[in-house]
Amino acid sequence: MTDTETTATLASPGPQIGGLRATWDRLRRYPGILVGGFIIVGLVLAGFFAPLPYDPIEPNVFEILQAPSAAHWFGTDVIGFDIFSRTIDAAQRDIPLALIGALVSLVVGVPLGLVASAKGKAGERIMRALDVFQAFPLIVLSVALVTVTGNELRNVVFAILIINVPRFMRLVRSEALSLRESRFMEAAEAVGCSRTRMMFRHMLPNVVGITMVQTSLATAHALIVIASLSFLGIGVTPPDASWGAMIQAGARQMATGEWWVVTFPGLGVLLAVASFNMVADSLDAFFDRSGR
Amino acid sequence: MTAQHDGRSAATDAPALRVAGLTTEFVTRRGVVHAVNDVSFTVGRGDIVGIVGESGCGKSATVRSIMGLIRSPGRVVGGSAEMGDHDLLQLSRRDLRKIRGAQIGFVAQNPFGSLNPILNIRRQFHNVVNSHRSASREETYELGLSMLRSVGIAGPERVLDGYAHELSGGMAQRVVIALALSLDPALVIADEPTTALDVTVQRQILDLISGLVKQDDRSMLLVTHDLGVVAQYCDQVVVMYAGKVVEAGPVAEVFTRPLMPYTLDLLEAIPRRGASLRNLRGRVPDLINYPTGCPYKTRCRFAFDRCLDEVPALRPIGDGRAVACHLNVHEEVPELASIGSG
């Protein structure tokens, strides 16, 4: 019996698979990650691949401002676009753009935050400078940026970076500062670990959890930024569908009672943002329990 | 272990570590804390030297200064710590980094604190070795296995793939010792290595570490507040009080014939069966408003007028012993002379 057990243990495939398995078992206890993730992936996939009842960029001038019906589930807007088709179609533009913005912020912000944590006084000054920068209203900044460089999608990403890179930096820096005081960092120093090595081999793994939570929150926030900017006509430009632009297109109809024009894209934003927040919330609990 | 390691080969009579005039201060809002004051001692090659004293007497600050681990607001303001040809206190960050770990192994008080909580043990071996030379994962894994075996861990494979929180206190400290010794350092500095552990495993850990030190002809600086540990494991003892060395010498000599009243008081405070528990009256002086004269004067039962304003220097008195006290104790105080028999 003992013999077979030993053999079984030895023959069991590498630790990675066991690790994946264990991770999955733990993940299942945090349904928010799975449910939120499922909704987000569903929205994006639908945006790219779902068969839409109407062409989202082909208006039908004979059917403008129709209330939701069997023919037009979410109704039509003032130009005759089918709102259902456009609400779904917008997901393939807005969500990936928000994700790109958040991920680039992560990639830029985390190393900068780690470096700022090691620089003492200089790091402190950098953070203060960023505070000043951040105090500037984003919308004004973005409008100015677009005026100067032209209305391009990368400017939207840039706007997201301006908001989120300092947030990542501040988060990682404060976490790193408290990690620096820990005994194991001192132990690492005592075995002759270089500063760079300490930063990336000892600190970085310790901030992974918290940065993943922040990435999810940053994506949710980026969705709102994208919607706000496209409401102002920055970023995604018609006829391409974007939730913010759709809300803007319907804003005037609010007063005349055609509520569906703004409501459905608004629900689109709400659903996506809520999903990312749900993921963030569960990730937080997940890492809090399993990490430290 | 043959004479292949530079820390152990050159000039066999040179000590493993020679600390002289070490002084460390912490600048706080209340004033300057004189944590380490003109501390000098020598760790002979192959010796285990114990540093003893009450809490807050500068033991840890001393070894941290030697290791270059004093952080702001603390700073080492003077002295030297010579190891081979290097003065550790004068080395650049970079050169010091090459010595730490490779030539000095450091074992800290709390093993769980010393291990990175979210890296598995295998990764931590990898990190230690790769801080000094580039080594493959396979190579560091093999090294980890053999090091863990040498500290008496059965089933090292499982430990290597595990994390710190999965280990018991004794196991974790064994892992820390294995990590500290993995680059074969000539000198081991252990800062109260068993204080955080269960009493039952303290002895095992001390047996282990002193065995490994002796077996490979290393030297060790062992910080402790337990005189029993010093008596059992150390060759030399350095007694510290208020950031100063007040007595130093071979353990057998110092413990049977203490020359400084503080050492005597410490020895008498060891709990003994059948005897009522004695404790030291008073407390360690304020290290900010450092007292004039002998720092022990307020607690010393033999203090006389000279102790009030004249600082006793640490003076060598032969037999490798040194003491900082104004008494010519054996002539003047028969109690001290007779402690060995009592």
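Here are a few exercises on the two-chain model above, each with a worked solution.

The model is predicted, so local features need pLDDT of at least 70, side-chain atom pairs count only at pLDDT 80 or more, and totals for chains, interfaces and linings use all residues. Residues are numbered from 1 along each chain as its sequence is written, while chains are lettered from A and ligands numbered from 1 in the order in which they are written.

**Exercise 1. Sketch chain A: how many helices and strands does chain A have?**

Step 1: Know what to count. Helices (H or I, at least four residues) and strands (E, at least two) are DSSP runs, numbered from the N terminus.

Step 2: Count them. Chain A has 12 helices and zero strands.

Step 3: Get the dimensions. Along the principal axes, the C-alpha atoms of chain A fill a box of roughly 75 × 60 × 25 Å.

**Exercise 2. Is Leu65(A) buried, exposed or partly exposed, and what about Glu192(B)?**

Step 1: Set the cut-offs. A residue is buried if 20 or more other C-beta atoms, placed from the backbone, lie within 10 Å of its own, exposed if 12 or fewer, and partly exposed in between.

Step 2: Take Leu65(A), in the loop between helix H3 (31-49) and helix H4 (83-118) of chain A. Its phi is near 50°, a positive value in a residue other than glycine. Leu65(A) is partly exposed because 17 other C-beta atoms lie within 10 Å.

Step 3: Now Glu192(B), in the loop between strand E7 (187-191) and helix H9 (199-215) of chain B. Phi of Glu192(B) is near 45°, again positive in a residue other than glycine. Glu192(B) counts as buried because it has 21 C-beta neighbours inside 10 Å.

**Exercise 3. Which residues does a cis peptide bond join in chain B?**

Step 1: Look at omega. With omega about 10°, the cis bond joins Ser72(B) and Pro73(B).

Step 2: Pro73(B) sits in the loop between helix H2 (59-67) and strand E4 (74-83) of chain B.
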